[in-house]
Amino acid sequence: MLLQGPAAARGLVPLVLLLALSGPAAAQPAPAATTAPSGPTPTPVAAPPDTAAPAAAPLTAPAVAPTATPAASPAPAPTPSPSPTPEPWAALQILDSAVPPGEMRRLAWRTGFGYGLVDEPVPVLVARGSSRGPTLCLTAAVHGDELNGIEIVRRVVSGIDPTALKGTVIGVPIVNVHGFQRRSRYLPDRRDLNRYFPGDPEGSLASRVAHDFFGRIIAQCEQLVDVHTGSFYRSNLPQLRADLREPAVVEMTKHFGAITVLHSSAADGTLRGAAVAAGIPAVTMEVGEPNRLQADDVALAVKGLETLLAGMEMSGKRRLWDRAQPVFYESRWVRVDRGGILFSAVELGQSVRPGDVLGTVTDPLSNVYTEITAPIAGRVLGRALNQFVMPGFAAFRIGIETTETEVAEEPPQPSDEAAAADDDQPPN
Ligand SMILES: [Zn+2]
């Protein structure tokens with residue numbers, strides 16, 4: 001009923017219905033049930049009702065039966081009333097707090113076991129809509145040096161009016177707060193948090209942090225957008241990384257306006273991969289480069305996310321796009337063969353044909369320079385910043401358009417280039 005074309009509308013309705021019926025939206029019992037498998041606290045809460053129920057049932061049934069025997073008619077009366085009445089839309093229970101409908105709260109996630117010098121609280125922004133709807137989670141800075149996402153999440157969540165919102169938005173602008181403070185991509189133990197989801201409470205520090213975050217926050221989400229940037233002197237055209245073999249993920253990608261989509265299976269341990277494996281449709285949103293705040297890219301990403309909120313019918317804030325959404329089902333890295341000073345000759349998003357010069361590498365001592373040419377036709381989705389490079393360095397990522405059918409028939413990919421997609425550390 002809105003957005004880009006009939007395809008979007010066609011898929012949206014069943015998705016939204018499904019979310020409304022199945023999610024934590026179904027009032028109080030749901031959050032407890034959702035978090036129970038992974039979260040540390042809910043265990044005592046979830047267990048008693050289940051064990052108490054079977055014991056109570058046989059006791060009440062015989063007691064009522066004898067007194068009510070003569071009348072056969074009371075049976076139909078109770079049946080119609082409970083089924084059409086949905087559970088009331090109530091406060092969201094999260095992180096030991098309750099966020100009432102129509103309100104915005106700034107909560108804090110602490111692991112409870114402490115790490116780094118202090119157990120630094122991680123801000124969690126929760127907008128609980130005044131009426132029922134899906135739960136969308138936005139996370140950023142899982143890699144602490146990726147700044148664009150911090151501003152993107154802040155801007156999207158602070159732009160929400162919870163009294164006009166349907167559903168819930170949970171925003172975590174700086175997941176890896178210790179990395180952020182040290183301007184580092186990693187956790188204090190030098191591990192990449194985005195390789196340890198959904199985590200393990202008895203594993204490494206990264207595993208424990210991942211487990212706590214996944215169980216207490218991500219388990220509440222019904223859709224997830226995890227915002228990243230290119231890594232280590234690489235920049236990405238704003239784009240979604242999504243496993244287009246997952247129908248619910250495909251559906252989600254249709255609601256980002258004209259933001260480019262690149263099909264990629266998630267590497268093991270990524271937040272995106274773990275969420276999808278847990279039944280939560282998720283995409284990674286790549287925006288620009290680390291250690292920088294890029295105004296145009298941030299604005300584009302915010303617009304994409306606001307389009308998603310409208311597309312999920314969570315908000316009425318419509319954003320207009322003047323172009324179609326490019327979708328790439330395949331991509332390839334182009335590497336340099338000789339070391340030297342790399343200068344790029346193409347812009348992100350630029351279309352290239354085979355033989356087009358992507359950049360040059362000049363040996364600073366011998367003055368010899370070589371051209372890096374495009375081996376295939378496509379668009380530049382990622383590129384290295386100008387820098388000194390070694391032979392074999394992956395300098396450009398070219399998106400290749402293929403058909404949707406080819407993707408559907410594609411066998412599960414080995415963890416090759418696509419699997420390394422989320423942080424742009426190309427494989428060896
Ligand atoms: Zn990242």
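1. Helices and strands here are DSSP runs numbered from the N terminus, a helix having at least four residues and a strand at least two. The model is predicted.

2. Helix H9 covers residues 295–311. At 1.5 Å a residue, its 17 residues should span 24 Å, and the end C-alpha atoms are 24 Å apart, so expectation and model agree. After H9 comes Glu313, with a positive phi near 60 degrees.

3. Which residues of H9 are buried? They are Asp297, Val298, Ala301, Gly304, Leu305, Glu306, Thr307, Leu308, Leu309 and Gly311. As background, an α-helix has 3.6 residues a turn, so residues three or four places apart point the same way.

4. The peptide bond between Phe197 and Pro198 is cis, its omega being near 5 degrees. Pro198 sits in the loop that joins helix H5 (177–181) to helix H6 (205–216).

5. Leu95 is not a glycine, yet its phi is positive, at about 50 degrees. The residue lies in the loop between strand E1 (92–94) and strand E2 (97–99). Is Leu95 buried or exposed? Leu95 has 20 other C-beta atoms within 10 Å; the cut-off for buried is 20 or more, so Leu95 counts as buried.

6. Phe232, also a residue other than glycine, has a positive phi near 45 degrees. Phe232 belongs to the loop between strand E7 (223–228) and strand E8 (234–242). Phe232 has 15 C-beta neighbours inside 10 Å and therefore counts as partly exposed, a class that falls between 12 or fewer for exposed and 20 or more for buried.

Technical notes: Residues numbered from 1 in each chain as written. Predicted model: local features only at pLDDT ≥ 70, side-chain atom pairs only at ≥ 80, totals over all residues. Expected span 1.5 Å × (residues − 1).
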